[in-house]
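Let's take a look at how charged side chains pair up in this protein, and then at a patch on its surface. Have the structure open while you read.

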Amino acid sequence: MKKTTSANSLNEQGTKLKRGLGLVDLWSIGVGALIGGGIFTVIGPAVEEAGPALFIAFLIAGAIAFLSSMSYAEMASIWPYQGASYAYAKFAFAPISKDLGKLVALWCAGLYFLSFIFAAGAVNLSFAGYFNFIFPSLSPVIVAPIVSILLTALLLVGIKATGKVNTFFSIIQVLALFAIAIIAFLANPGGPFEYVDFLPNGWTGVFAAVALIAFGQMQVEAVLTLGEEAKNPRRNLPLAQLSALGTVIVLYTLTGYGVISAATPDDLAASAAPLSLAMENVLPGAGAILIAIAALTATGTSTIGCLLGSSRMLYAAAREKAAPSVFAKVGDKSGVPTNAILLTGALAFLTTFTSVFGYSAAIGILVSAAVFSNWFMMALMNVALIVVRVTRPELKPKFRYPLNFKNIPILAILATLACLWILTYIATIPLLIGIGWIVLLTIWYFAYARNKWEYLGEEEMANLTHESIDN
């Protein structure tokens, strides 16, 4: 017998979230999540692959992410609910098969959860690396777990407090990155083009760098997972997501150009704090410290974005009992999913200890596993939008993917292929981790979730969130 649940019963169970995020808050969460992962965490490994052509890799990764983000944006304006791709997959594939919709939704929830837990661990390690640059006596192995605990505690306070702190730090890091790019460019305008070997590893190296840089762009969904904590979500979610990604693509490209202008690719690749190294070369003393401080705020906000997204994805699945319902519990005063935050925070804490295998090796494995999970999910979301356009042509979203032929978004097809292409550059171990996780999720669906699932349809979700969805 299929189980159903009602919006009223959910509210009585204490699963109703509080709306406290305006457009600027949502934008800052998006920017914060994207900058910390893409610039301060992977720029060293990426420049080792791309060499002086680093900025081109940033442009390519940004273009692919932006194309996919428009698929997310259109579905967010139709279904602005907690869990983002979890909800989009469930409703998009349902006209084909309700079972298919639920299975793909569970894949999305699980892939997102895995990728952002790994991402949080990687970014915490990056935070600790920059902290060690300022305070050499404090080991990253000690600092990273402490940072993980403190940021988890912040999320437990409530979404308003988290949003305001995140906005403040996001503004600092945006200004800092513009300063890096301008100072470095003025010091050496020719920059990357002055190197005789512009493509030391050929285009293969550039594409390998794209796969690493994709770690930064992959967090485009962080904002959308907060659909039921956002004000006027049908408008603000797509706008915040696209504007945050656009802001960050510009910053990525300028910074990628600037750091090669300020330091050699070999030196950048060997450094645990490459931006600080670049600034030390063009602005000795104060420059490196200022950038290290900016890196701390950026990697901190990136971890916040990871933990927000993964905990809300878990909450969305638990609300329908696709995951244990204990993770759908919302704190009476905080209005946040307390148990989901505690679990994601604990797992992120544990991933920081991968540093015992070596700092660079830990970053590489965590980043690559996260990239596989999230970009496979991006491919699924592009396919989901195409399915929606074919099966639900009557829908009139507030945001619509441009350049359509007979109602089919042509660029979404290209974005799907590009996302799958990126996956071919993932190393074997993280690739096997991602594929193994999909197999485990499928087993979980048939062994547990399928029979316990208390499916919330579109009308029930609208009733559950109708109070302020259009305010």
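## Salt bridges and a nonpolar patch

In this predicted model, Arg392 and Glu394 bring their side chains together in a salt bridge, 3.0 Å from N to O. Arg392 is buried, because its relative accessible area is 18% and the cut-off for buried is under 20%. There's a bit of a network here too: salt bridges with shared partners link Arg392, Glu394 and Glu458.

How many salt bridges does a search of the whole structure find? It turns up 9.

| Pair | N to O distance |
|---|---|
| Arg392 and Glu394 | 3.0 Å |
| Arg312 and Glu229 | 2.9 Å |
| Lys321 and Glu454 | 3.2 Å |

Take Arg312 and Glu229, which form a salt bridge. Arg312 sits in helix α13, while Glu229 is in the loop between α9 and α10, so their pairing ties together parts 83 residues apart in sequence. Arg312 counts as buried, at 0% relative accessibility, and Glu229 is also buried at 0%.

Lys321 is partly exposed at 30%, whereas Glu454 is buried at 12%.

Phe178, Ile182, Phe185, Leu186, Val250 and Leu254 make a nonpolar patch of about 540 Å². Helices α8 and α10 each give two or more residues to the patch, and α8 provides the largest share, with 4. Phe178 is in α8 and is partly exposed, at 34% relative accessible area.

Technical notes
Residues are numbered from 1 along each chain as its sequence is written. This is a predicted model: local features need pLDDT of at least 70, side-chain atom pairs count only at pLDDT 80 or more; totals for chains, interfaces and linings use all residues. Side-chain values use heavy atoms; hydrogens and water are left out. Patches are made of residues with over 30% relative accessible area and no salt bridge: like charges are joined within 9 Å, nonpolar side chains (Val, Leu, Ile, Met, Phe, Trp, Tyr) within 5 Å. Accessible areas come from the Shrake-Rupley method with a 1.4 Å probe; for residues, only the protein chains shown count as cover. A salt bridge is a side-chain nitrogen of Lys or Arg within 4 Å of a carboxyl oxygen of Asp or Glu. Buried means under 20% relative accessible area, exposed over 50%, partly exposed in between (1.4 Å probe, protein chains only).
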